[in-house]
Amino acid sequence: MDSQDLQRLKNKFDIIGNDAELNNALETAVAVAPTDLTVLITGESGVGKESIPQIIHQNSRRKTGKYLAVNCGAIPEGTINAELFGHEKGAFTGAVAERKGYFEEADGGTLFLDEIGELPKETQAMLLRVLQSGEFLKVGSSKVQKTDVRVVAATNISLRTAVERGNFREDLYYRLNDVQIMMPSLRERKDDIYLLFRKFTSDFSEKYNLRKISLSLDAISLLKGYRWPGNIRQLKNVTETITALNSSPAVPGSDRIVLGAADIARFIPDEHDDLLPMPSPAHTAGGAAFNDDEKRAFVQALVDLKHDVDRLKARMDAMDARPKAIAATPAGGHPAEPAADDAEWQEQGESVPLSIRKANDTLIERALERHGGNIREAAAELGVSERTIYRKIAKKKEALK
């Protein structure tokens, strides 16, 4: 496909991005569409696998037939066979009439089976038969029926691993895998992240008549730096939340709202890097280490932490022994008052997080001072993500309001 044909395809199916792996997946889908080869689409959850079977169907000789999509993971195991292959009247409790299954309904068309790895073993055997011969049996029937269906399957798990663990039939795996199309994760498409953000915020703003949102360079860098485990679906949710909470009603002549990294940091999920690790030489700018004051602050936080952990352990040991003491209390007596060390623990209980938080804030402030406020360089020296520092700055701004 030339670049113009590829862009027309993206426009038709509302696909955003210029990543080479994404382009390769789309071109492969178009290339195999005229055939009846079974296609297996792989990729993480939320990467947009559902667009590929639609492209295949619309570019095939079956495009005038039905296109049906089935989420195999959303159908209970007890009814999946009846859903896919149909059932006879009275085949089971609740089967008050004969019903066609998806394979019968999609005869002459395309059937997309999403989350194919969730199929139970019995259903896998029935699927293998219909793929090989086009034959199937309705639940409760002994009459063999025929169907002519192009199957496209998708999975977000490794079917090869499922085969090795005995959870997926090896013969079915090879039968499904005539052609495999791999959809890249969003973290592999970093240059597409802001393009998708702009699309999602634009669509959301138009739907609710809001001013559109743009991002500064540091905010774009922050978006690209996050790993997006939920991929496009997660980015869409985060973008819509940012737009809803930061935009305002659009009026004639109103401009876009430009947000910085500190404005969006709180909307990006934490990756449990709030506590600063001691950086290795590779993480420090130019190999520079912490100065003596910083080392003392951090070591003191660790000492405080160990001290309070020891106190917590002693308190838990005392609590374990307390039921015995209560059991020995004479009738009508009263349990002993909490031990002095219990009360002292309650008073000191906040010292651990506060000490560490203070040490963290101090380290961040001094790193920013050394690098003239350059967040990227400060984050590299400290060995943490830029998002952590942006979040700290945002919290400090809120506290000063």
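Reader: Let's start with the largest pocket. How much space lies in there?
Author: About 470 Å³, in what is a predicted model.

Reader: Which residues are closest to the centre of that pocket?
Author: Of the 23 residues that line the largest pocket, D14, G48, E50, F200 and I232 are the closest to its centre.

Reader: And which elements give two or more residues to the lining?
Author: Those are α3, α9 (190–208) and α11 (231–246). The largest share comes from α9, with 6 residues.

Reader: Nice. Switching to K49, where is that found?
Author: K49 sits in the loop between β1 (39–42) and α3 (51–58).

Reader: Is K49 buried or exposed?
Author: K49 is buried, and it has no salt bridge.

Reader: Why no salt bridge for K49?
Author: A salt bridge needs a side-chain nitrogen of Lys or Arg within 4 Å of a carboxyl oxygen of Asp or Glu. The nearest side chain of opposite charge to K49 is D114, and that is 5.4 Å away, so no salt bridge is counted.

Reader: What does the side chain of K49 reach, then?
Author: The backbone oxygen of G43, at 3.2 Å. Beyond its neighbours within four places in sequence, K49 is also in contact with several residues, including I41, E44, N156 and M183.

Reader: New topic: where is S254?
Author: S254 is in the loop between α11 and β9 (257–259). A polar atom of its side chain lies 2.8 Å from the backbone oxygen of V251.

Reader: How far is S254 from L210?
Author: They are 44 residues apart in sequence, and 9.8 Å apart in space, C-alpha to C-alpha.

Technical notes: Residues are numbered from 1 along each chain as its sequence is written. This is a predicted model: local features need pLDDT of at least 70, side-chain atom pairs count only at pLDDT 80 or more; totals for chains, interfaces and linings use all residues. Side-chain values use heavy atoms; hydrogens and water are left out. Helices (H or I, at least four residues) and strands (E, at least two) are DSSP runs, numbered from the N terminus. Buried means under 20% relative accessible area, exposed over 50%, partly exposed in between (1.4 Å probe, protein chains only). Lys and Arg count as positive and Asp and Glu as negative; His and the chain ends are not counted. A polar contact is a pair of N or O atoms within 3.5 Å; within protein, one must be able to donate a hydrogen and the other to accept it, and residues adjacent in sequence count only if both atoms are side-chain atoms. Contact means heavy atoms within 4.5 Å. On a 1 Å grid over the protein atoms alone, a cavity is a set of points where a 1.4 Å probe fits but cannot get out, and a pocket is an open set with protein on both sides within 12 Å along at least five of seven lines; lining residues have an atom within 4 Å of a point. Grid points are joined across faces, edges and corners, and a volume is the space filled by probe spheres set on the points.
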